[in-house]
Amino acid sequence: MNLTDHQLSRMAGALWARVGQHTDYHDLVWADDLLGSGGRDILWAELQAAGALKEGEVQPRPLAGYLAQCSAALETQLLWTLPQGLQGQGLSYVEGLAQTIQSAQRELLLMSPFIAAGGVHVMERDLRDALHRGVHVTLIGHDLGNMSSAQSRAIEALRQEAERMKAAFRAYTANHQSGLLHAKLAVADRERVVLGSANMTGHGLGINFEVGVVLGEPHAGHVARTYDQLLNSALVNHVFTTRV
């Protein structure tokens, strides 16, 4: 099953509550509401295959193994932006980025060489919500130090909103003399990371052929530590930090 963080958390709570109790197919009726049509059938089959149902009771050790597999699958997902008519197995790039931003409670690290108003608009609500709940947001991109550039103008409304909320938003621009900034990434709380090809533009998140992946720990931590090194290097220049 392809699950979101929210679905996995609720499913795990419901299943752990039934450990040691008699459980049959009808006791999983909630799964259709949580997982969608056919969710109960899929969950029932997967629990049986994992050995988590034995003699009519939910078994704790096999259940823990099953949920760990679900968690691993959640943390490694493919993301796609595809031209009309194409389909990919996984989530849309927008969904993957949105879930990652929504999961951040303390820190959000972003890198997008190219930024356009259309891409910021797609993610604006989630970024504003992150700032509102106290998440420290850092963004690295090209030409952010040039106030007349399209890149800088694309994030200006977000910068002003952060100033108004007294939220923590800082931006860095690539030093072109030190090499090309090419990576596109988003790291939430050093626990979840999106890596891929899509810039924060309308085309990158809407109509291009783009592919990415969502990873959990320890990869997110590795990426965050390298991001820290970049911030402290001569490869980027500080543009602004809003005041908290």
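**Rings and charges in a predicted model**

Me: Let's start with D228: buried, exposed or partly exposed?
Reply: D228 is partly exposed, and its relative accessible area is 24%. Keep in mind that this is a predicted model.

Me: How many salt bridges does the structure hold?
Reply: There are 10. Some share partners, and in that way E124, R128, E161 and R164 are joined into one network.

Me: Nice, let's look at that network. How far apart are the closest N and O atoms of R128 and E124?
Reply: They are 2.5 Å apart, in a salt bridge. Both residues belong to helix α6 (residues 117–132), and because they are four residues apart there, about one helical turn separates them. E124 is buried at 18% relative accessible area, whereas R128 is partly exposed at 24%.

Me: What about E161 and R164?
Reply: Their side chains also meet in a salt bridge, at 2.7 Å from N to O. These two sit three residues apart in helix α7 (residues 150–165), so again about one helical turn lies between them. E161 is buried, with a relative accessible area of 17%, but R164 counts as exposed at 59%.

Me: Changing topic: how many aromatic pairs does a search of the whole structure find?
Reply: Three. One of them is W80 with F209: the ring centres are 6.1 Å apart and the planes stand at 85°.

Me: Why is the pair of W80 and F209 called edge-to-face?
Reply: Because the angle between their planes is 85°, and planes over 60 degrees apart count as edge-to-face. The pair links distant parts of the chain, 129 residues apart: W80 is in strand β3 (residues 77–81) and F209 in the loop between β9 (192–196) and β10 (210–215). F209 is exposed, with a relative accessible area of 52%.

Me: What do F169 and F240 form?
Reply: Another edge-to-face aromatic pair, 5.4 Å centre to centre with 80° between the planes. F169 lies in strand β7 (residues 169–174) and F240 in strand β11 (residues 236–241), so parts 71 residues apart in sequence are tied together.

Me: Which side chain of opposite charge is nearest to K184?
Reply: That would be E210, 6.6 Å away.

Me: What lies 3.0 Å from a polar atom of the K184 side chain, then?
Reply: The backbone oxygen of H182 does. Leaving aside residues up to four places away in sequence, K184 also touches several others, including M111, P113, V194 and N199.

Definitions and conventions. Residues are numbered from 1 along each chain as its sequence is written. This is a predicted model: local features need pLDDT of at least 70, side-chain atom pairs count only at pLDDT 80 or more; totals for chains, interfaces and linings use all residues. Side-chain values use heavy atoms; hydrogens and water are left out. Rings of Phe, Tyr and Trp (its six-membered ring) pair if their centres lie within 6.5 Å; planes under 30 degrees apart count as stacked, over 60 as edge-to-face and the rest as tilted. Buried means under 20% relative accessible area, exposed over 50%, partly exposed in between (1.4 Å probe, protein chains only). A salt bridge is a side-chain nitrogen of Lys or Arg within 4 Å of a carboxyl oxygen of Asp or Glu. Lys and Arg count as positive and Asp and Glu as negative; His and the chain ends are not counted. A polar contact is a pair of N or O atoms within 3.5 Å; within protein, one must be able to donate a hydrogen and the other to accept it, and residues adjacent in sequence count only if both atoms are side-chain atoms. Contact means heavy atoms within 4.5 Å.
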